[in-house]
Amino acid sequence: MLDDDLVVDLTDLAAAHSGLLPRTLLDWVGLGDKAVERLTDLCASTGRAHIAGSLTDLRLAEPLGRLPRNVICVGANYREHIKESEEAVGPLDLPDEPVYFTKDVRSICGPHDDITAGEDVSGQLDWEVELAVVIGRAGRDIDPSEALGHVFGYAVLNDVSARDIQLSRNQWWKGKSLERSSPFGPYLVTRDEIPDPQNLELRCWVDGVEKQHSNTKLMIHDIAALVSDLSRTLTLEPGDVISTGTPAGVGLGSTPPQWLRPGAVLESEITGLGRQRNRIVQEVE
Ligand code: ZN
């Protein structure tokens, strides 16, 4: 994106310059920091010849398109959310280490897309605004002090969850992976633009009513700890997305519980990362 909200078409830019330049952002991310600096320079110098449109005119898709692997999600990473969850479902018996589950790549949708919440699929669709971390540099056994250097950037992700499926049948992956249910974006912001990712406000609204309002400084396991912990058993690779958990204020924790119904509007925002806006619909139109 150029300063005046014009969006550069990377595929078009690459095609015009050389057959060797990557055609997608995901491929650029995989080439590392130096390549991304080169891309920034290329956009600044010649981007204007390859404009896709302005931000207000374009329909924004999810950053990176179809992700290469499932989103790695962190459960129970904010104390107040653990408390509200335990009040709703009973003691969680959590370990001291982070708790992980994954969301299928097909559950991710664009930042302004409609979300389907037909009662035949789930009658208990819930919201979870989260900070998502995108890995840019591969690594195994990463020291916490080096961890943020492996991050490409940050984005908003709403880990929309079908509680009836997730909890009553103890099916986390299934309940967290409804088709195109979880908005990602609107932007993937490079890490140099976010000097302190552990001091960002997260907010989520349903029909204009604020439901969640917290700060990433309240994470139990911070980003460096999560990247380091995950990399002890698995090589993290460019394009991996880690969703760092949600703060208090989800529908499950309300008395009585509240769910996303067709007609509702879900909005999610994090400082410096933009705001999503999604309409809940009965069926895909
Ligand atoms: Zn979550």
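Modeller: We can go through the metal site, the cores and the sheet in turn. Keep in mind that this is a predicted model.

Biologist: Metal first. Which residues coordinate the zinc ion?

Modeller: Glu128, Glu130 and Asp159 coordinate the zinc ion, at 1.9 to 2.1 Å. Along the chain, these donors follow the spacing E-x1-E-x28-D. Glu130 is in strand β8, while Asp159 is in the loop between β9 and β10, so this pair ties together parts that are 29 residues apart in sequence.

Biologist: Are Glu130 and Asp159 buried or exposed?

Modeller: Both Glu130 and Asp159 are buried.

Biologist: Next, the inside. How many residues has the largest nonpolar core?

Modeller: The largest nonpolar core has 41 residues. Leu125, Tyr154 and Leu273 are among those with the most contacts inside it.

Biologist: Which element gives the largest share of this core?

Modeller: Helix α7 does, with five residues. Other elements that supply at least two residues each include β3, β8 and β16. Another core, of 17 residues, lies apart from the largest one and includes Cys73 and Phe152.

Biologist: And the sheet, in what order do the six strands come?

Modeller: The order is β4-β3-β15-β8-β9-β12, in an open sheet with mixed pairing. β4 and β12 are the edge strands, and each pairs on one side only.

Biologist: You listed Cys73 in that other core. What is the bridge partner of Cys73 in β15?

Modeller: The partner is Ser243. β3 and β15 run parallel and are joined by two bridges.

Key:
Residues are numbered from 1 along each chain as its sequence is written. This is a predicted model: local features need pLDDT of at least 70, side-chain atom pairs count only at pLDDT 80 or more; totals for chains, interfaces and linings use all residues. Side-chain values use heavy atoms; hydrogens and water are left out. Donors are N, O and S atoms within 2.8 Å of the metal (3.2 Å for Na, K and Ca); water is not among the atoms, so sites may look incomplete. Helices (H or I, at least four residues) and strands (E, at least two) are DSSP runs, numbered from the N terminus. Buried means under 20% relative accessible area, exposed over 50%, partly exposed in between (1.4 Å probe, protein chains only). A nonpolar core is a set of buried Ala, Val, Leu, Ile, Met, Phe, Trp, Tyr and Cys residues joined through side-chain atoms within 4.5 Å. Two strands pair if DSSP finds at least two bridges between them.
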